[in-house]
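Biologist: I want to learn how to read salt bridges in a model. Can you take me through a case?

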Amino acid sequence: MPKNKGKGGKNRRRGKNENEGAKRELILKEEGQEYAQVLKMLGNGRLEAMCFDGTKRLAHIRGKLRKRQWINTSDIILVGLRDYQDAKADVIMKYNSDEARRLKNMGHLPESVNVVDGNEVEDDIFFDNESDEDSGDEIAPQPYQPVISSESESDDSDESD
């Protein structure tokens with residue numbers, strides 16, 4: 001039986017992210033391309049994107065990006081427009097949060113766009129009973145709880161009548 005001379009198999013290669021920390025050159029849109037923000041993931045390599053030219057398009061994630069780079073809602077992407085179908089587009093690349101912020105600062109993206117970090121936690125939960133003053137000493141009123149009496153007590157009350 002031959003001896004394994006490599007350093008692991010397919011799973012080891014799959015786990016590597018060799019270009020994760022590398023800074024890449026910022027790619028700007030050309031003719032026939034448009035910036036967009038992902039509205040909804042539809043599955044089967046498709047998504048719904050709102051292009052910054054004001055059109056909502058159905059976009060198809062190309063094969064090179066499909067398993068190498070995960071695309072989520074509210075991500076900024078570059079789509080290639082189709083000459084023959086205006087309502088459909090192809091995802092060319094995904095911008096990370098730093099690149100999207102740079103595009104916004106350069107004026108390529110509208111000011112109304114909210115660029116969200118991947119590790120940022122959005123605080124959308126608000127509680128009605130929160131107040132500015134410290135009321136930790138007080139105990140909240142408890143709901144009504146009926147008094148459970150035993151049968152012997154009920155027998156005694158019947159006799160006294």
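Predicted model: local features only at pLDDT ≥ 70, side-chain atom pairs only at ≥ 80, totals over all residues.

Biologist: How many salt bridges does a search of the whole structure find?

Modeller: The search returns eight salt bridges.

Biologist: Which residue pairs with arginine 24?

Modeller: Look for a Lys or Arg nitrogen within 4 Å of an Asp or Glu carboxyl oxygen. Here arginine 24 bridges to glutamate 99, with the closest N and O atoms 2.8 Å apart. The two lie 75 residues apart and link distant parts of the chain. Arginine 24 sits in the loop between helix 1 and strand 1, and glutamate 99 in helix 3.

Biologist: Is glutamate 99 buried or exposed?

Modeller: Buried means under 20% relative accessible area. Glutamate 99 has 4%, so it counts as buried. Arginine 24 is partly exposed, at 38%.

Biologist: What is the partner of glutamate 34?

Modeller: Lysine 29 is the partner, and their closest N and O atoms are 3.4 Å apart. Glutamate 34 is buried, at 10% relative accessible area. Lysine 29 is partly exposed, at 36%.

Biologist: Where do lysine 94 and aspartate 75 sit in the chain?

Modeller: First the contact: they form a salt bridge, with closest N and O atoms 3.7 Å apart. Lysine 94 is in strand 5, while aspartate 75 is in the loop between helix 2 and strand 4. The pair is 19 residues apart and links distant parts of the chain. Both residues, lysine 94 and aspartate 75, are buried.

Biologist: Which residues do salt bridges with shared partners join into one network?

Modeller: Asp53, Arg57 and Asp86 form that network.

Methods:
Residues numbered from 1 in each chain as written. Heavy atoms only, no water. Salt bridge = Lys/Arg side-chain N within 4 Å of Asp/Glu carboxyl O. Helix = DSSP H or I, 4+ residues; strand = E, 2+ residues; numbered from the N terminus. Buried < 20%, exposed > 50% of the residue type's maximum accessible area, 1.4 Å probe, protein only.
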